[in-house]
Amino acid sequence: MRADRLVTMSQPVDSAVSAVRTYIAQHRAAFLDDLAEWLRIPSVSAQPDHAPDVRRSADWLAAKLRETGFPTTEVWETPGAPAVFAEWPSDDPRAPTVVVYGHHDVQPAAREDGWDSDPFEPVVRENRLYARGAADDKGQVFFHTLGVRAHLATTGRTAPAVHLKLLIEGEEESGSPHFRALAEQHSARLAADAVIVSDTGMWSEDVPTVCTGMRGLVECEIRLFGPDQDIHSGSFGGAVPNPATAAARLVAALHDEHARVAIPGFYDGIVELTDRERALFAELPFDEQQWLSTAKSYGTHGEAGHTTLERIWARPTAEVNGISGGYQGPGSKTIIPSSAMVKLSFRLVAGQDPDHVEKAVREWAAEQLSAGIRHEITFTGSTRPCLTPLDHPALQSVVRAMGRAFDQPVRFTREGGSGPAADLQEVLGTPVLFLGISVPSDGWHAPNEKVELDLLLKGVEITAYLWADLGEYWRHAP
Ligand SMILES: [Zn+2]
C-alpha cells in the first residue's frame with residue numbers, strides 16, 4: 001500500500017493537549033481500577049497450573065475492549081494460550097491501518113521471591129503501581145483502551161482516525177512458540193501499514209525515547225566428535241585429534257583481533273549506522289560506569305571503532321553461550337574425550353538475513369575442523385532484525401505525539417534483544433515501531449515489578465495524539 005509522504009511541521013496544539021489531559025484526569029480512577037482487576041488474574045503462561053488464568057485474562061481483555069467500543073473483539077486460539085484480537089475501523093477510507101502488538105501473559109511471581117506485597121494484588125505506593133504485569137505488559141496494553149477513548153472524545157469523532165487493530169498474545173513470556181503461525185493464519189485480518197509494539201520502554205523517566213529497531217537472533221549448537229569413546233591420552237595422545245581442542249579452536253576463531261566476527265559473509269548486507277544516528281546515540285545521557293554495574297561486568301569489550309551503545313544496539317555479534325567436553329569431575333582423568341559441544345548465538349542487525357548467516361556459519365565451521373573430527377550443527381530457530389528509518393512517517397507521528405505528551409524533545413534508542421514483533425514485520429510486510437513508557441527501574445521479570453503512574457497516563461496521552469496525528473499526516477492517496 002502506498003501512503004502520502006509526511007510533511008513535518010510543528011502545530012498549535014495547546015487546546016487539544018489540555019482537552020486530552022482533562023479527559024484523562026476525569027477517567028483516571030476508573031482506568032486504574034480496571035487495570036488492577038486485570039492484574040489480579042495471574043496469567044502466567046509458563047506454568048501449566050495457570051493455563052485457566054491465562055484464558056481468563058484473554059476473556060477479560062476481550063470483554064473490556066468490547067466495552068471500550070471496539071466493534072470486533074475475538075479470542076484467537078493457538079495450540080497453547082489464546083491471543084486477543086480487536087478491531088475498530090476508521091470512518092475515513094484513506095486512513096492508515098495500525099496493528100498494536102502486546103501480550104497479556106506474565107512472568108511467574110511469588111511473594112517469597114522478594115516481593116514487598118502480593119504480586120497479584122496490585123497496590124499503589126508513592127505513585128507507583130506494583131504488580132506482576134504492571135509494566136510488562138498489561139499496563140502498556142491497557143493504556144490503549146483509555147487512549148482511544150480520549151482520542152474520540154477530544155476530537156468529536158465516533159470512529160478512530162486510523163483503522164485500529166490490537167493483537168495481544170498470551171505466550172510471549174514463554175517464547176511465543178505459536179505466534180508466527182498465528183500471524184500467518186490470520187495475516188489477511190492483520191493486514192496493516194504499520195505495527196506498533198507496546199512492550200518496550202524509554203531511556204528514563206526524564207528522557208522520553210522511541211525505539212526504532214531490534215536485533216535479530218540466530219542460535220546453534222555444534223557437537224564435535226573424535227574417537228568413538230574416551231581413550232587413553234598416553235597410548236593415543238598426540239597422534240589423534242581431540243574434539244575439546246577443536247571446540248576451543250572453533251570458539252577462538254569466531255572473532256578477529258578487533259573483536260569483529262571472523263565468519264566470512266557474516267556482515268553481508270548490513271545497514272550501517274548513519275552519522276546522524278551515531279550522533280543521536282551520542283546525545284543520550286549514557287553513563288558507562290553505571291551501565292557496567294548493571295551489567296555486573298568488570299570491563300567493556302567489543303568491536304573496535306564503536307561505542308558501547310552502538311555495539312549493543314546496532315552491531316551484530318557472535319557469542320559463546322556454552323562450551324563443554326571431556327572430564328569435569330574431581331582429580332585427573334587422562335583421556336582424549338570422544339566429544340565436545342559449543343552453543344553459539346548471533347545477534348543480527350537490519351540487512352542481515354538469518355538464512356544467509358546460518359549458511360555462513362555452517363561453511364565456516366566445516367572449514368575450521370580438522371580431519372578426524374566429525375561435527376553436527378543444529379540451528380534452533382531464528383528471529384529477524386527490524387529497523388524503522390528515522391524519516392518514516394509513522395515514526396515521525398510517534399515522535400510528535402510523544403513530544404506533545406512530555407513537552408520535550410524525543411530521542412531515539414534501539415533494542416539489543418530480539419522479539420516476536422519481527423514475525424509481524426515479516427508476515428505482514430510492514431515496518432515495526434516501538435511505543436513504550438516503561439523505564440529500566442520497573443523491574444521486568446523481577447520482584448516488585450511496578451509502573452510509574454504518571455508515565456502510564458502519558459501512554460494514554462501519547463496514543464490519544466498519535467491516532468489523530470497518523471490520521472492527519474499519513475493518509476492514503478485517494
Ligand atoms: Zn513483555
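Helix 1, residues 14-39, bends by about 55 degrees at His-27. The bend at a residue is the angle between axes fitted to the seven residues ending there and the seven starting there. Helices (H or I, at least four residues) and strands (E, at least two) are DSSP runs, numbered from the N terminus. This is a predicted model, in which local features need pLDDT of at least 70 and side-chain atom pairs count only at pLDDT 80 or more, while totals for chains, interfaces and linings use all residues. Residues are numbered from 1 along each chain as its sequence is written, and side-chain values use heavy atoms, with hydrogens and water left out.

I will stay with helix 1 for now. Which of its residues are buried? They are Val-17, Val-20, Tyr-23, Ile-24, Phe-31, Leu-32, Leu-35, Ala-36, Trp-38 and Leu-39. Buried means under 20% relative accessible area, exposed means over 50%, and partly exposed is in between, with a 1.4 Å probe and protein chains only. The cover over these buried residues includes helix 2 (51-68), strand 5 (128-130), helix 3 (138-155), helix 11 (393-406) and helix 13 (453-473).

Take Leu-39, which lies in helix 1. Leu-39 counts as buried because its relative accessibility is 0%. Contact means heavy atoms within 4.5 Å. Leaving aside neighbours within four places in sequence, Leu-39 is in contact with Phe-120, Pro-122, Leu-129, Ala-131, Arg-132, Gly-133, Ala-134 and Lys-138. From C-alpha to C-alpha, Leu-39 and Glu-121 are 7.4 Å apart in space, and in sequence they are 82 residues apart.

Next, the helix pairs. Axes are lines fitted to C-alpha atoms, for helices over the stretch in contact, and angles run from 0 to 180 degrees between N-to-C directions. Angles under 35 degrees count as roughly parallel, over 145 as roughly antiparallel, 65 to 115 as roughly perpendicular, and the rest as oblique. A crossing is left-handed if the near helix is turned anticlockwise from the far one by less than a right angle, and right-handed if clockwise.

Helix 1 and helix 13 pack at an angle of about 125 degrees, and their axes are 10 Å apart. That makes helix 1 oblique to helix 13. The crossing of this pair is right-handed. On the helix 1 side, the residues are Ala-16, Val-17, Val-20, Arg-21, Ile-24, Arg-28, Phe-31, Leu-32 and Leu-35; on helix 13 they meet Leu-453, Leu-456, Leu-457, Lys-458, Val-460, Glu-461, Ala-464 and Tyr-465. By type, the contact of helix 1 with helix 13 has 13 nonpolar, no polar and four charged residues. Here Ala, Val, Leu, Ile, Met, Phe, Trp, Tyr, Cys and Pro count as nonpolar, Asp, Glu, Lys and Arg as charged, and the others, Gly among them, as polar.

Helix 13 also packs with helix 3: their axes come within 7 Å and cross at roughly 50 degrees. Helix 3 is therefore oblique to helix 13. This crossing too is right-handed. Residues of helix 3 in the contact include Gly-139, Phe-143, Gly-147 and His-151, and those of helix 13 include Leu-456, Gly-459, Thr-463 and Trp-467. The residues of this contact divide into nine nonpolar, seven polar and no charged.

How do helix 2 and helix 3 pack, and at what angle? The angle is about 15 degrees, with the axes 10 Å apart. The two are therefore roughly parallel to each other. Their crossing is right-handed. Ser-57, Trp-60, Leu-61, Lys-64, Leu-65 and Thr-68 in helix 2 meet Lys-138, Val-141, Phe-142, Thr-145, Val-148 and Arg-149 in helix 3. That contact is made of six nonpolar, three polar and three charged residues.

Last, the loops. Asp-137 sits in the loop between strand 5 and helix 3.

Ala-259 is not a glycine, yet its phi is positive, about 60 degrees. Its loop runs between helix 6 (243-252) and helix 7 (275-283). Ala-259 counts as buried, at 14% relative accessibility.

Asn-448 also has a positive phi of about 60 degrees without being a glycine. The loop that holds Asn-448 lies between strand 17 (432-434) and strand 18 (450-452). At 18% relative accessibility, Asn-448 is buried.

His-178 is in the loop between strand 6 (163-169) and helix 4 (179-185). At 23% relative accessibility, His-178 counts as partly exposed. Apart from neighbours within four places in sequence, His-178 is in contact with Thr-78, Pro-79, Gly-80 and Glu-171.
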